[in-house]
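Grab your viewer and follow along.

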Amino acid sequence: QHKYQKPYQTILVLGSQKLTELRDSLSCVSDLQIGGEFSNTPNLAPEHVSKDLYKSAFFYMEGVFFNDMRYLECRDLSWTIRDWAESLDRGYEKFQTVKMEDYMFNDLRIKVGFPYLYCHQGDCEHLIIITDIRRLVHQDDCLDKTMYPLVVRKHWLWSRKCAVCKLYTARWVTNNDSFAPEDPCFFCDTCFRMLHYDKDDNKLGEFLAFPYVDPGIFN
(Lines give C-alpha, C1' and ligand atoms only; values in the text may rest on other atoms or scores of the structure.)
Protein backbone atom coordinates (compact mmCIF):
# COMPACT_ATOMS: atom_id res chain seq x y z
CA GLN A 1 0.00 0.00 0.00
CA HIS A 2 1.37 3.39 -0.99
CA LYS A 3 1.97 5.72 1.92
CA TYR A 4 2.15 9.44 1.22
CA GLN A 5 5.46 10.90 2.33
CA LYS A 6 5.70 14.53 3.36
CA PRO A 7 8.83 16.49 2.40
CA TYR A 8 11.13 16.92 5.38
CA GLN A 9 12.49 20.27 4.16
CA THR A 10 11.61 22.72 1.40
CA ILE A 11 14.55 24.93 0.48
CA LEU A 12 14.96 27.82 -1.95
CA VAL A 13 18.35 27.91 -3.69
CA LEU A 14 19.83 30.49 -6.04
CA GLY A 15 21.09 29.34 -9.42
CA SER A 16 24.42 30.99 -8.66
CA GLN A 17 24.97 28.85 -5.57
CA LYS A 18 27.09 25.72 -5.48
CA LEU A 19 25.81 22.27 -4.66
CA THR A 20 27.92 22.31 -1.52
CA GLU A 21 25.86 25.22 -0.19
CA LEU A 22 22.71 23.11 -0.44
CA ARG A 23 24.53 20.17 1.15
CA ASP A 24 25.56 22.33 4.13
CA SER A 25 21.99 23.56 4.64
CA LEU A 26 20.44 20.07 4.84
CA SER A 27 19.71 18.95 8.39
CA CYS A 28 19.79 15.30 9.40
CA VAL A 29 19.97 13.76 12.84
CA SER A 30 22.64 11.28 11.70
CA ASP A 31 25.09 14.19 11.37
CA LEU A 32 24.71 14.87 15.09
CA GLN A 33 25.10 11.30 16.34
CA ILE A 34 27.84 10.61 18.86
CA GLY A 35 29.75 7.39 18.37
CA GLY A 36 30.78 5.14 21.22
CA GLU A 37 29.49 3.39 24.32
CA PHE A 38 29.52 5.48 27.53
CA SER A 39 28.02 3.38 30.33
CA ASN A 40 31.28 3.55 32.31
CA THR A 41 31.92 7.23 31.59
CA PRO A 42 28.57 9.05 31.28
CA ASN A 43 30.17 12.37 32.24
CA LEU A 44 32.77 12.18 29.48
CA ALA A 45 31.54 14.63 26.87
CA PRO A 46 32.51 13.53 23.34
CA GLU A 47 34.47 16.13 21.42
CA HIS A 48 33.02 15.48 17.97
CA VAL A 49 29.74 14.55 16.35
CA SER A 50 29.49 12.49 13.17
CA LYS A 51 29.45 15.44 10.76
CA ASP A 52 32.86 16.53 12.11
CA LEU A 53 34.36 13.08 11.59
CA TYR A 54 32.69 11.82 8.42
CA LYS A 55 32.51 14.65 5.90
CA SER A 56 31.99 12.66 2.72
CA ALA A 57 28.74 12.94 0.76
CA PHE A 58 27.36 12.91 -2.77
CA PHE A 59 24.39 13.95 -4.86
CA TYR A 60 23.40 11.61 -7.69
CA MET A 61 21.70 13.36 -10.61
CA GLU A 62 21.25 12.25 -14.21
CA GLY A 63 24.02 9.64 -14.18
CA VAL A 64 26.53 11.88 -12.40
CA PHE A 65 27.87 11.50 -8.85
CA PHE A 66 28.65 14.92 -7.38
CA ASN A 67 31.09 14.10 -4.58
CA ASP A 68 31.91 16.53 -1.79
CA MET A 69 35.73 16.61 -1.83
CA ARG A 70 36.36 19.90 -0.02
CA TYR A 71 38.28 18.35 2.85
CA LEU A 72 41.25 16.01 3.07
CA GLU A 73 39.10 13.53 5.02
CA CYS A 74 36.55 13.24 2.20
CA ARG A 75 36.23 9.96 0.33
CA ASP A 76 34.37 9.02 -2.82
CA LEU A 77 31.25 7.36 -1.34
CA SER A 78 30.02 6.50 -4.83
CA TRP A 79 32.95 4.16 -5.46
CA THR A 80 31.21 1.02 -4.14
CA ILE A 81 28.13 1.72 -6.27
CA ARG A 82 30.18 2.29 -9.40
CA ASP A 83 32.32 -0.77 -8.71
CA TRP A 84 29.20 -2.92 -8.30
CA ALA A 85 27.65 -1.56 -11.51
CA GLU A 86 30.84 -2.08 -13.53
CA SER A 87 31.96 -5.43 -12.06
CA LEU A 88 29.52 -7.29 -14.30
CA ASP A 89 27.49 -6.31 -17.32
CA ARG A 90 24.50 -5.03 -15.38
CA GLY A 91 23.12 -2.85 -18.16
CA TYR A 92 24.16 0.50 -16.70
CA GLU A 93 26.01 3.15 -18.63
CA LYS A 94 29.34 4.24 -17.22
CA PHE A 95 28.76 6.68 -14.38
CA GLN A 96 30.49 10.04 -14.26
CA THR A 97 32.03 11.47 -11.09
CA VAL A 98 32.78 15.15 -10.45
CA LYS A 99 33.46 17.40 -7.48
CA MET A 100 30.35 18.86 -5.88
CA GLU A 101 32.15 22.09 -5.05
CA ASP A 102 32.85 22.77 -8.75
CA TYR A 103 29.19 22.98 -9.80
CA MET A 104 26.52 25.64 -9.41
CA PHE A 105 22.82 24.96 -9.93
CA ASN A 106 22.99 26.94 -13.17
CA ASP A 107 25.42 24.30 -14.48
CA LEU A 108 23.02 21.38 -14.01
CA ARG A 109 20.74 19.64 -16.47
CA ILE A 110 17.99 18.27 -14.26
CA LYS A 111 14.32 17.29 -14.38
CA VAL A 112 11.57 18.96 -12.40
CA GLY A 113 9.75 16.54 -10.11
CA PHE A 114 12.30 13.75 -10.56
CA PRO A 115 13.72 12.05 -7.42
CA TYR A 116 17.48 12.45 -7.05
CA LEU A 117 19.68 11.09 -4.29
CA TYR A 118 21.67 12.70 -1.48
CA CYS A 119 23.87 10.32 0.50
CA HIS A 120 26.04 11.09 3.54
CA GLN A 121 27.38 9.38 6.68
CA GLY A 122 28.22 6.35 4.55
CA ASP A 123 24.71 5.07 3.89
CA CYS A 124 22.20 7.68 5.11
CA GLU A 125 20.09 8.42 2.01
CA HIS A 126 17.61 11.21 1.24
CA LEU A 127 15.47 11.95 -1.81
CA ILE A 128 16.00 15.39 -3.34
CA ILE A 129 13.25 16.68 -5.66
CA ILE A 130 13.49 19.92 -7.65
CA THR A 131 9.96 21.34 -7.78
CA ASP A 132 10.54 24.67 -9.53
CA ILE A 133 13.28 26.19 -11.72
CA ARG A 134 14.08 29.74 -12.86
CA ARG A 135 11.11 31.32 -11.13
CA LEU A 136 11.26 35.12 -11.22
CA VAL A 137 11.66 36.98 -7.95
CA HIS A 138 8.45 38.49 -6.58
CA GLN A 139 7.55 40.69 -3.63
CA ASP A 140 7.00 37.77 -1.24
CA ASP A 141 10.54 36.42 -1.75
CA CYS A 142 13.42 37.15 0.58
CA LEU A 143 15.63 39.65 -1.26
CA ASP A 144 18.69 39.13 0.95
CA LYS A 145 21.02 36.84 -0.98
CA THR A 146 22.98 35.99 2.14
CA MET A 147 19.92 34.14 3.51
CA TYR A 148 20.04 31.48 0.79
CA PRO A 149 19.76 28.49 0.71
CA LEU A 150 16.59 29.43 2.55
CA VAL A 151 14.49 26.87 4.43
CA VAL A 152 10.85 27.86 3.83
CA ARG A 153 9.09 24.78 5.20
CA LYS A 154 10.03 21.98 7.56
CA HIS A 155 8.08 18.88 8.57
CA TRP A 156 7.35 18.54 12.30
CA LEU A 157 8.90 15.46 13.91
CA TRP A 158 7.67 13.76 17.07
CA SER A 159 10.13 13.62 19.96
CA ARG A 160 10.77 10.37 21.81
CA LYS A 161 10.04 10.74 25.52
CA CYS A 162 11.80 9.14 28.45
CA ALA A 163 10.49 5.62 29.24
CA VAL A 164 10.43 6.41 32.97
CA CYS A 165 9.07 9.93 33.49
CA LYS A 166 7.24 10.13 30.13
CA LEU A 167 7.87 13.87 30.29
CA TYR A 168 11.33 14.83 29.06
CA THR A 169 12.96 14.09 25.71
CA ALA A 170 15.24 11.04 25.62
CA ARG A 171 18.98 11.68 25.83
CA TRP A 172 20.24 8.13 26.34
CA VAL A 173 19.44 4.72 24.85
CA THR A 174 20.47 1.47 26.53
CA ASN A 175 20.89 -2.13 25.42
CA ASN A 176 21.06 -5.35 27.49
CA ASP A 177 19.79 -3.29 30.40
CA SER A 178 18.69 -5.23 33.50
CA PHE A 179 16.87 -2.13 34.79
CA ALA A 180 14.88 -1.49 31.61
CA PRO A 181 11.46 -2.90 30.64
CA GLU A 182 12.43 -3.13 26.96
CA ASP A 183 15.45 -3.31 24.70
CA PRO A 184 16.44 -0.79 23.48
CA CYS A 185 15.15 1.62 26.12
CA PHE A 186 15.23 5.43 26.07
CA PHE A 187 15.82 7.73 29.05
CA CYS A 188 16.12 11.42 29.79
CA ASP A 189 19.40 12.37 31.44
CA THR A 190 17.95 12.66 34.95
CA CYS A 191 16.14 9.32 34.97
CA PHE A 192 19.07 7.57 33.29
CA ARG A 193 21.49 8.64 36.01
CA MET A 194 19.11 8.03 38.92
CA LEU A 195 18.37 4.49 37.74
CA HIS A 196 21.83 3.37 36.62
CA TYR A 197 24.33 5.02 39.02
CA ASP A 198 24.76 5.56 42.75
CA LYS A 199 25.36 8.95 44.38
CA ASP A 200 29.08 8.68 43.59
CA ASP A 201 28.40 7.99 39.88
CA ASN A 202 29.38 4.33 40.18
CA LYS A 203 27.72 2.09 37.62
CA LEU A 204 24.99 -0.24 38.89
CA GLY A 205 24.28 -3.49 37.10
CA GLU A 206 25.17 -4.38 33.54
CA PHE A 207 24.05 -2.37 30.52
CA LEU A 208 25.33 -0.57 27.45
CA ALA A 209 24.59 3.15 27.12
CA PHE A 210 24.74 5.35 24.05
CA PRO A 211 24.00 9.09 23.68
CA TYR A 212 20.71 9.58 21.82
CA VAL A 213 20.02 12.53 19.53
CA ASP A 214 16.31 13.09 19.07
CA PRO A 215 15.08 14.14 15.60
CA GLY A 216 12.74 16.62 17.28
CA ILE A 217 15.68 18.97 17.92
CA PHE A 218 15.14 20.32 14.39
CA ASN A 219 11.53 21.38 15.04
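The second largest pocket comes in at about 280 Å³. A pocket here is an open set of points on a 1 Å grid over the protein atoms alone, where a 1.4 Å probe fits and protein lies on both sides within 12 Å along at least five of seven lines; lining residues have an atom within 4 Å of a point. Points are joined across faces, edges and corners, and the volume is the space filled by probe spheres set on them. Keep in mind that this is a predicted model: local features need pLDDT of at least 70, side-chain atom pairs count only at pLDDT 80 or more, and totals for chains, interfaces and linings use all residues. Numbering starts from 1 along each chain as its sequence is written, and side-chain values use heavy atoms, with hydrogens and water left out.

Around that second pocket sit 15 lining residues, with Arg23, Asp24, Leu26, Asp31 and Lys51 nearest its centre. Helix 1 (19-25) and helix 2 (50-53) each give two or more residues to the lining; helices are DSSP runs of H or I with at least four residues, strands are E runs of at least two, and both are numbered from the N terminus. By type, the lining splits into 6 nonpolar, 1 polar and 8 charged residues.

The largest pocket holds about 1,600 Å³ of space. Of its 40 lining residues, Ile11, Val13, Ile129, Ile130 and Thr131 are closest to the centre. Strand 1 (9-12) and strand 6 (124-129) supply at least two lining residues each, and the lining counts 24 nonpolar, 8 polar and 8 charged.

Leu26 also turns up in the largest nonpolar core, a 16-residue set where Leu19, Leu26, Phe59, Met61 and Phe66 touch the most other members. Such a core is a set of buried Ala, Val, Leu, Ile, Met, Phe, Trp, Tyr and Cys residues joined through side-chain atoms within 4.5 Å. Strand 2 (57-61) is among the elements giving two or more residues to this core, and it gives the most, with 3. Leaving out residues up to four places away in sequence, Leu26 touches Gln9, Ile11, Phe59, Tyr118 and Ile128, contact being heavy atoms within 4.5 Å. A second, separate core of 12 residues includes Cys162, Ala180, Phe187 and Cys188.

Now the charges. There are 7 salt bridges, each a side-chain nitrogen of Lys or Arg within 4 Å of a carboxyl oxygen of Asp or Glu. Here are some of them:

| Pair | Closest N to O |
|---|---|
| Asp68 and Arg70 | 2.7 Å |
| Asp76 and Arg82 | 2.4 Å |

Buried means under 20% relative accessible area, exposed over 50%, and partly exposed in between (1.4 Å probe, protein chains only). Elsewhere, salt bridges with shared partners join Arg23, Asp24, Asp68 and Arg70 into one network. In that group, Asp68 is buried at 0%, whereas Arg70 is partly exposed at 29%.

Technical notes. Ala, Val, Leu, Ile, Met, Phe, Trp, Tyr, Cys and Pro count as nonpolar, Asp, Glu, Lys and Arg as charged, and the others, Gly among them, as polar.
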